[in-house]
Each structure stands twice: as structure tokens, then as C-alpha cells.
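Hi everyone, thanks for making time this morning. Let me put it up on the screen.

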Amino acid sequence: MSPQVSASPSLCVFCGARMGRNPVHQAAARATGLAIAAEGWRLVYGAGDVGLMGEVARAAQEAGAATLGVIPTHLLAMEVGKRDLTTFIVTETMHERKKVMFMNADAIALLPGGAGSLDEFFEVLTWAQIGLHAKPIWLVDVGGYWQPLLALLDHVIAEGFADPSLRGQFHVLADVPALQAAMRSFRA
Ligand code: AMP
């Protein structure tokens with residue numbers, strides 16, 4: 001599962017199906033969609049039209065980026081499947097959704113989100129930890145949202161339940177401009 005960088009690389013974005021309370025997250029989601037388009041990348045995501053997911057997708061689309069969304073049948077109504085994407089894929093299961101998203105990604109970004117986003121982040125992190133892939137994982141710490149998660153991971157390492165190298169399996173980026181810079185240097 002080594003990365004294959006195409007002329008137009010794809011960024012898989014994991015983020016909330018809700019907007020969250022702090023408006024800074026909605027703004028960051030929008031900025032992420034715009035950055036994807038500005039850098040000539042394609043958005044890969046969970047195909048929902050709700051919360052931060054919908055915000056990233058609408059901004060990317062409006063700014064001219066190609067988009068690929070993957071959603072399982074049973075979430076089509078709940079997450080309002082966004083059918084006007086460049087490519088819209090419906091899977092039978094959640095596992096297939098995550099697999100199709102991952103296989104179509106050159107890099108992964110985590111924006112603020114809830115349990116679903118955490119699940120997605122930990123899956124690609126643990127796959128990296130056991131050497132299944134080397135795709136960059138960019139944790140975008142919008143407004144310090146992920147500080148408790150980083151503290152938990154440090155705690156896990158300090159208590160001897162993970163190797164310190166775990167912290168090297170992903171990159172913490174302070175904001176969306178830093179994410180955009182990471183996308184640019186990845187291509188370079
Ligand atoms: P959330 O961060 O909880 O708002 O969820 C963000 C996205 O993750 C949504 O598209 C959810 O459908 C998805 N999600 C929720 N639970 C899971 C799970 N167990 N595995 C994979 N994705 C999930």
C-alpha cells in the first residue's frame with residue numbers, strides 16, 4: 001500500500017458530520033476545501049452533505065476541485081449523500097467505505113470531528129504503525145481542538161503502551177495554511 005502520486009494527488013479528509021460549537025471549525029473546513037482546489041488536489045471524503053464534511057466538499061467544488069465521495073447505503077439519508085460530486089460511490093458497508101477512501105488517497109488530513117473521525121484517524125494511524133502504508137497523516141489542530149488527543153497519546157506512550165515512534169507516524173499542523181503548505185511540499 002505504498003503511495004502512488006498522480007498528477008493530481010488526492011487528499012482524504014476525515015472530519016465531523018456536525019459543525020461543532022466553535023465557528024472556527026466551519027471556517028477551517030471551508031478553507032480546507034479552497035486549499036485543496038488551490039493546490040490542484042482532489043478531495044476524497046465520506047460523501048456527506050452535513051457538518052464539516054459538507055462544508056469542505058462545497059468549498060472544494062465551488063473552487064473547481066475534483067471530488068470523490070464514498071458513503072455506505074445505510075448513511076445515505078442520515079448524512080445526506082452528496083450526489084453531485086465528480087465521483088460518488090455507494091458501498092454496502094462502513095469497512096468498504098473506509099477502504100475505498102484510503103485506497104484513493106495520497107495523503108490523509110484530520111480536521112475536528114467526533115467518534116467517527118477518531119475511528120478513521122486511528123485506523124490509518126495504526127496501519128502506519130504496523131508498516132502497512134507510508135501515506136502522510138496530517139492532523140490539523142484547528143484552534144487547539146486536538147490537544148486532548150495529543151495529551152492522551154503522550155500518556156499512552158509514557159505509560160509504556162506504545163512506542164514513542166507513534167508520535168512520528170503523523171504530523172501536527174496548527175492550521176489550514178500549514179496544511180496547504182504540507183500539500184505543496186508533498187507535490188514538490
Ligand atoms: P463524526 O466525526 O462522528 O461526526 O463522523 C465523521 C464521519 O465518520 C461520518 O461520515 C461517519 O459516518 C463516519 N463514521 C462514524 N462512525 C464510523 C466508524 N465506526 N467507522 C468509520 N467511519 C465512521
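The largest cavity has a volume of about 40 Å³. Keep in mind as we go that this is a predicted model. How many cavities of 30 Å³ or more are there? The count comes to one.

The residues lining the largest cavity are F14, K98, M101, F102, E120, E123, V124 and W127. Two elements, α3 and α4, each give two or more residues to that lining. Which of them gives the most? That would be α4, with four residues. Sorted by class, the lining of the largest cavity holds five nonpolar and three charged residues, and no polar ones.

Now for the open space. The largest pocket comes out at a volume of about 440 Å³. It has 27 lining residues, and those closest to the centre of the pocket are C15, G16, A17, G114 and S117. The elements that supply two or more residues to this lining are β1, residues 10-14, then α2, residues 51-62, along with α3 and α4. Here too, α4 gives the most, with five residues.

The ligand is surrounded by 16 residues, and the closest are A17, E79, G114, S117 and D119. If you colour the shell around the ligand by element, α3, which spans 94-103, and α4, which spans 115-129, each supply at least two residues. The largest share of that shell comes from α4, with five residues. By class, the shell around the ligand has six nonpolar residues, five polar ones and five charged ones.

Start with S117: an N or O atom in the S117 side chain is 2.7 Å from an oxygen atom of the ligand. Next comes D119, where an N or O atom of the side chain lies 2.8 Å from a nitrogen atom of the ligand. Then there is E120, with a polar side-chain atom 3.4 Å from an oxygen atom of the ligand. How much of the ligand does the protein bury? Taken alone, the ligand exposes 490 Å², and the protein buries 78% of that.

Before I stop, have another look at E120. This residue has that polar side-chain atom 3.4 Å from a ligand oxygen, and E120 is also one of the residues lining the largest cavity. S117, in turn, is among the residues closest to the ligand and among those closest to the centre of the largest pocket.

Technical notes:
Residues are numbered from 1 along each chain as its sequence is written. This is a predicted model: local features need pLDDT of at least 70, side-chain atom pairs count only at pLDDT 80 or more; totals for chains, interfaces and linings use all residues. Side-chain values use heavy atoms; hydrogens and water are left out. A residue is near a molecule or strand if one of its heavy atoms lies within 4 Å of it. A polar contact is a pair of N or O atoms within 3.5 Å; within protein, one must be able to donate a hydrogen and the other to accept it, and residues adjacent in sequence count only if both atoms are side-chain atoms. Accessible areas come from the Shrake-Rupley method with a 1.4 Å probe; for residues, only the protein chains shown count as cover. Ala, Val, Leu, Ile, Met, Phe, Trp, Tyr, Cys and Pro count as nonpolar, Asp, Glu, Lys and Arg as charged, and the others, Gly among them, as polar. On a 1 Å grid over the protein atoms alone, a cavity is a set of points where a 1.4 Å probe fits but cannot get out, and a pocket is an open set with protein on both sides within 12 Å along at least five of seven lines; lining residues have an atom within 4 Å of a point. Grid points are joined across faces, edges and corners, and a volume is the space filled by probe spheres set on the points.
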